[in-house]
Amino acid sequence: MKLLLAPAVVVLAVFAAALGALFRWSFLEFIPGSLRPGGLTLANFRSVLAPQYLDTVWDTVLLSAATTLLTLVLSYPVAYALARTPSRRARSALLILTLAPFFTGAIVRTYAWVLVLGNAVVTWPVPMLFTERGVLVGLVHFSMPSMILVLAAALSHIDPAYERAAASLGAGPARVFWRVTLPLSMPGIVSGGLIVFAWTLSAFATPELLGGGKVKMIANVVKDLGLDSFNWPGAAAFAMLSLALTLALLVGLGRLTAGRAA
């Protein structure tokens with residue numbers, strides 16, 4: 001049994017070492033023009049609490065919440081069809097279409113959206129590329145396959161007998177869905193929502209390409225600090241602050257959904 005746990009312990013040790021290094025760098029002094037850090041300081045955390053960085057954190061949370069909600073609304077009908085359609089061919093086609101984005105890299109998909117949102121394929125009535133709207137579209141498209149698979153797994157475990165029983169008692173299709181199907185699929189909604197929300201909080205490529213430098217999320221600011229300004233201690237401090245925020249949000253959402261489920 002101990003030997004079976006050894007790989008997991010090694011992986012956890014590597015992650016812990018990387019996190020420890022990040023934590024240590026966040027307390028080192030940034031010396032402009034030098035790649036060598038100075039002594040211990042709290043100045044990095046005071047710097048990342050500046051209004052422009054806090055605005056980035058707030059924008060990231062709002063964009064992540066909007067992405068999660070929109071992804072859920074768009075994915076639920078597809079997942080329902082995937083789980084309930086009696087046709088094997090239709091189910092296979094839906095599954096292939098759902099999995100297809102996984103066979104193309106995130107960069108390729110994002111560049112395709114650059115063409116679509118940049119009026120090269122479709123003429124949009126409002127600017128889409130290099131705006132928050134365009135980033136939202138890209139994030140939703142990136143997140144939908146995972147949400148569909150999670151929801152479809154949850155819906156496939158619901159016994160149709162419950163829905164037939166509700167219908168036999170006089171409930172219409174809308175009432176059956178609202179009072180039976182939706183509550184029973186709540187575990188999938190919660191799991192998919194948490195995955196998409198956490199995923200979007202750390203998104204980098206989509207806001208970098210579709211935002212064009214005008215839409216900044218947390219990972220983009222960390223990259224700017226670390227690779228453009230070579231302020232590695234500042235980047236580490238902002239990453240630690242973002243990690244703490246992410247954990248706090250996920251714990252809060254987990255407790256909220258667990259309380260409602262109980």
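Me: Which residues does Leu63 touch, not counting residues up to four places away in sequence?
Reply: This is a predicted model, where local features need pLDDT of at least 70, side-chain atom pairs count only at pLDDT 80 or more, and totals for chains, interfaces and linings use all residues. Residues are numbered from 1 along each chain as its sequence is written, and side-chain values use heavy atoms, with hydrogens and water left out. Contact means heavy atoms within 4.5 Å. On that basis Leu63 touches Glu132, Val135, Leu136, Leu139, Thr200, Val215 and Met217.

Me: Which residues have the most contacts inside the largest nonpolar core?
Reply: A nonpolar core is a set of buried Ala, Val, Leu, Ile, Met, Phe, Trp, Tyr and Cys residues joined through side-chain atoms within 4.5 Å. Buried means under 20% relative accessible area, exposed over 50%, partly exposed in between (1.4 Å probe, protein chains only). The largest such core has 26 residues. Those with the most contacts inside it are Leu63, Tyr76 and Leu151.

Me: Which helix gives the largest share of this core?
Reply: Helices are DSSP runs (H or I, at least four residues), numbered from the N terminus. Helix 3 (51-84), helix 6 (132-156) and helix 9 (186-201) each give two or more residues to this core. The largest share is ten residues, and it comes from helix 6.

Me: Which residues of helix 6 make the contact with helix 4?
Reply: Helix 4 contributes Leu95, Thr98 and Leu99. From helix 6 come Pro145, Ile148 and Leu149.

Me: What type of aromatic pair do Tyr76 and Phe177 form?
Reply: Rings of Phe, Tyr and Trp (its six-membered ring) pair if their centres lie within 6.5 Å; planes under 30 degrees apart count as stacked, over 60 as edge-to-face and the rest as tilted. Here the centres are 5.6 Å apart and the planes stand at 85°. The pair is therefore edge-to-face.
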